[in-house]
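Hello,

Here is the structure I promised to pass on. Please have a look at it first, and then read my notes below.

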Amino acid sequence: MTGSRETHLVELVDPDGLAVGKVTVDEAHRAPGLLHRAFSVFLQDSSGRVLLQQRAAVKTRFPLRWANTCCGHPMPGEPLAVAAKRRLVEEIGVDGVELSEVGVYSYYAEDPATGRVEYEYDHVLVGRLDADATLLPDPDEVADVRWVSLDELRLAASREPRVYAPWLPGVAGRLHEHLHPDDTTERSGGR
């Protein structure tokens, strides 16, 4: 299933997020990479913990690294919320979660293990989920899941960056900024 997703189309964007074309997922992630629209979803429980997933071993980019709840690419012209809700079902087996966008994080990362790259204009979305909700992760997408506090995640990712997807600190920073708008002690890179 993961391999067939490589033939899906993604929307190329300029540095301001304006659509400028389309290519396949495979083409967008070949070095040196093409800037394209993506999304990263965090599901949060009532105590503020976020659900992480460990990416499956068959992933073409950053396999077995811990990442946010789910990630993906909207098809050209597809609303972000529609694409994100679809991927929540496909990856985690969760349906019916309302999502809101909390920011954008642009980044570039090379995967030394696979030679692929991520060059993404990444919309960060958040939704609520009960910690005891039934999860049905697809083993072709997800190796494991766990709930962690946002502070614990940010500290662990700074101490052991190779364990986590390279975009995770940035998208977690966007969520932190959204949840704590008056905290100006740090501002991560990207948009």
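**Notes on the backbone, the pocket and a helix pair**

Pro-32 sits in the loop between helix 2 (25-28) and strand 3; helices (H or I, at least four residues) and strands (E, at least two) are DSSP runs, numbered from the N terminus. A cis peptide bond links Ala-31 to Pro-32, with omega about 10°.

Before going on, a word on the source: this is a predicted model, in which local features need pLDDT of at least 70 and side-chain atom pairs count only at pLDDT 80 or more, while totals for chains, interfaces and linings use all residues. Residues are numbered from 1 along each chain as its sequence is written, and side-chain values use heavy atoms, with hydrogens and water left out.

Most residues other than glycine have a negative phi, and most peptide bonds are trans. In the loop between strand 4 (50-55) and strand 5 (66-67) you will find Phe-62, whose phi is positive, near 55°. Leu-64 lies in the loop between strand 4 and strand 5 and has a positive phi of about 65°. Are these residues buried or exposed? Phe-62 is buried, at a relative accessible area of 2%, whereas Leu-64 is partly exposed, at 44% (buried is under 20%, exposed over 50%, partly exposed in between, with a 1.4 Å probe and protein chains only).

Now the largest pocket, which holds about 360 Å³ of space. On a 1 Å grid over the protein atoms alone, a pocket is an open set of points where a 1.4 Å probe fits, with protein on both sides within 12 Å along at least five of seven lines, and lining residues have an atom within 4 Å of a point; the volume is the space filled by probe spheres set on the points. Its lining has 28 residues, with Arg-5, Arg-61, Cys-71, Gly-72 and His-73 nearest the centre. Helix 3 gives the largest share of that lining, 4 residues. Elements giving two or more residues include helix 1 (2-5), strand 3 (36-44) and strand 8 (117-128).

Finally, the axes of helix 4 (residues 150-159) and helix 5 (residues 168-179) come within 10 Å and cross at roughly 150°; axes are lines fitted to C-alpha atoms over the stretch in contact, and angles run from 0 to 180 degrees between N-to-C directions.

Best wishes
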